[in-house]
Amino acid sequence: MAACFQQPISITTGDDSAILFSSNSSDHDHSHEDQTSTGSPSSFKHSPPSDHNHHYKTTTYTLTTTNLSYSTQLPPTSSFPFFHKHKSVSILKSISFTAKSSEILAVVGPSGTGKSTLLGVISGRVLNHKEYNNFYPKSISVNDHPISHPSQLRKLCGFVAQEDNLLPLLTVKETLMFSAKFSLKEMSSKEREARVLSLINELGLSNVAESFVGDEENRGISGGERKRVSIGVEMIQDPPILLLDEPTSGLDSTSALQVIELLSMVARTKKRTIILSIHQPSYRILQYISHFLILSRGSVVHNGSLESLEETIVNKLGIQIPVQLNALEFAMEIVRTLEDYSRSKDEYNSHGMEVVLWPDQEDFDCFEHRNSPRKTGTYCFLTIYLFEIMFLCSRFWKIIYRTKQLFLARTMQALVGGFGLGSVYVKLRRDEGGVAERLGLFAFSLSFLLSSTVEALPIFLQERQVLMKESSRGAYRISSYMIANTVVFLPFLFAVAILFAVPVYWIVGLNPSIAAFAFFALVVWLIVLMASSLVLFLSAISPDFISGNSLICTVLGAFFLFSGYFIPKESIPRYWIFMYYVSLYRYPLDSLLTNEYWSLRNECFSWNNNNNNRNNSIDYHQPTCLLTGNDVLKSRGLEDDPRWINVGIMFGFFVLYRLLCWIILSRRASKTTF
């Protein structure tokens, strides 16, 4: 089993091999002495540690950029984009700096200067797309080894986005445990738990370990604690280089200081290289930052310590720093002056530098997913796949169980809907009026069941952000997510179907047959399954809740209109006839009608009794049947029994919408850069 989770330890580029995951004995001894002297036990060691992990943890990393430039093209503003010339905008201009281990490098500058873009580039999250140009990848090197593909950077760098994309209904411990399960599959469950507990203690989250993360709607931990949890999600793998985009944004001064103190401790005790962007740090934060990279309009205006910045301002620019301001705060006020001074020195000249994109080659597949099926055997691949599905199922169930409004709403909807409809259609008559009422009951039930899944839209939208982040970083596959979602929701929606079907079927007095009731319950289950898949698919393509809700209502309204209930098939315009065949209403409606009347085809539901009085003599005519069960079916074009064919079609819709969702989410994940 251990062989399934073995990870590669070198980065290979063509014929050259850059051994980035190895260290000599002297490095090891030095690291061991440092850790002993600090008296702080490492929370990132395996127990017992393997040789591979031992080497990996003691290597120090220095990241260097040389004349790094990056630009993008603005979208066309013309009504005729094919004839519009794209305008290229330069975002980063010849950026050069060095980030060393055990230190924090802060990227500082006004808004819109390219801080987030710089972090995205050096973390390997620039996409290989035609709109990106003027980016030379080999201008980035790690330990003097040039980087030639973004997957190498993604493997080495942990990245904490500005927004905390966390699941609010998981506790702090559960959030880190699931991150460990997805990222550290090679560990045993006891080793993962020990590592998570140690990390919680190091992050200062022990007192909130069992508290929910929470969000704007669900009260949870504080903003500073949420940020530390986001950092912990990245630190669980102990990345040698950690990048953070505005980690103090939105935090009060005390929480911001605690986050920076934590990062400083990690840099010193773990000998990690930390690069973060920060807008305008407070005076207390400055003491924890070793180097400052100040940007202005995409160019470097200062690269060095706070003392060297003060010397530049006072001695070289001849400007006195006000007493109430520190050198960095004052630098933000005179950033254009610093930019002019820096340009005059012409220290960052990139003339003659070749400009290319990331290479379009497949030599780096092993870094996209550590356990790629092309690099492991079938048994190992299936084992990893099963582990991912099991972990995701466990997380799904926790979220569903704790989402009280969804859990209770679906349960109450099924019960209220079943008993409510039953109370309206109590013991329907078996006459012509009863036939019409049964058709109305089936149509309304379909509309009720298909629209009852809309409340799951905001939950899917919230999960989508976390899904994109985790899947884009190789924590698990989108297909694992879809399978786990299906496995968990199948029994849950089956329970919903039974809660609705039992009261409505027997109170209304539908076909009194156990087989007919079982088929009715099956159709109701397939209806909610189709609706769930449809909502999942539409949530994948919807940008927000308002758009998604409008889209769902529009699609369901169109399906209902062309189901054949309001407009017969023969009356539907030819250019809309395709909607009749793709309507989610048509097939269950036909199945329910067939289930009700197929065994009653010869039963009469309407009689013609005429009494003619002639010459004081009474002739009793034989009653004539006007409507049979077979006539009801023929009015819908159901001359043959289509029930099981329709069941197959409904199941096909259930699978189809999930496949479409999988395709869309996979494309989104491939373009995700956070």
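Begin by selecting strand 12, residues 291–296, which is mostly covered, since five of its six residues are buried (buried means under 20% relative accessible area, exposed over 50% and partly exposed in between, with a 1.4 Å probe and protein chains only). Helices (H or I, at least four residues) and strands (E, at least two) are DSSP runs, numbered from the N terminus.

This is a predicted model, in which local features need pLDDT of at least 70 and side-chain atom pairs count only at pLDDT 80 or more, while totals for chains, interfaces and linings use all residues. Residues are numbered from 1 along each chain as its sequence is written, and side-chain values use heavy atoms, with hydrogens and water left out.

**The neighbours of strand 12**

Next select strand 13, residues 299–304, which runs antiparallel to strand 12 and is joined to it by five bridges. Here L295 stands opposite V300 in strand 13. The hairpin of strand 12 and strand 13 has two residues between the strands, and in this hairpin R297 takes a positive phi near 55°.

The structure holds 27 aromatic pairs, where rings of Phe, Tyr and Trp (its six-membered ring) pair if their centres lie within 6.5 Å, and planes under 30 degrees apart count as stacked, over 60 as edge-to-face and the rest as tilted. Select F519 and W644: their ring centres are 5.3 Å apart and their planes stand at 80°, so the pair is edge-to-face. Because F519 lies in helix 19 (residues 514–541) and W644 in helix 24 (residues 643–670), the pair ties together parts that are 125 residues apart in sequence. F519 is buried, with a relative accessible area of 6%, whereas W644 counts as exposed at 59% relative accessibility.

Now select F537 and Y657, which form a tilted aromatic pair, 5.7 Å centre to centre with 40° between the planes. F537 lies in helix 19 and Y657 in helix 24, so this pair ties together parts that are 120 residues apart in sequence. F537 is buried at 15% relative accessible area, and Y657 counts as buried at 9%.

**Last stops**

Finally, select F178, F182, F387, F391 and Y476, which ring pairs link into a cluster.

Definitions and conventions:
Two strands pair if DSSP finds at least two bridges between them.
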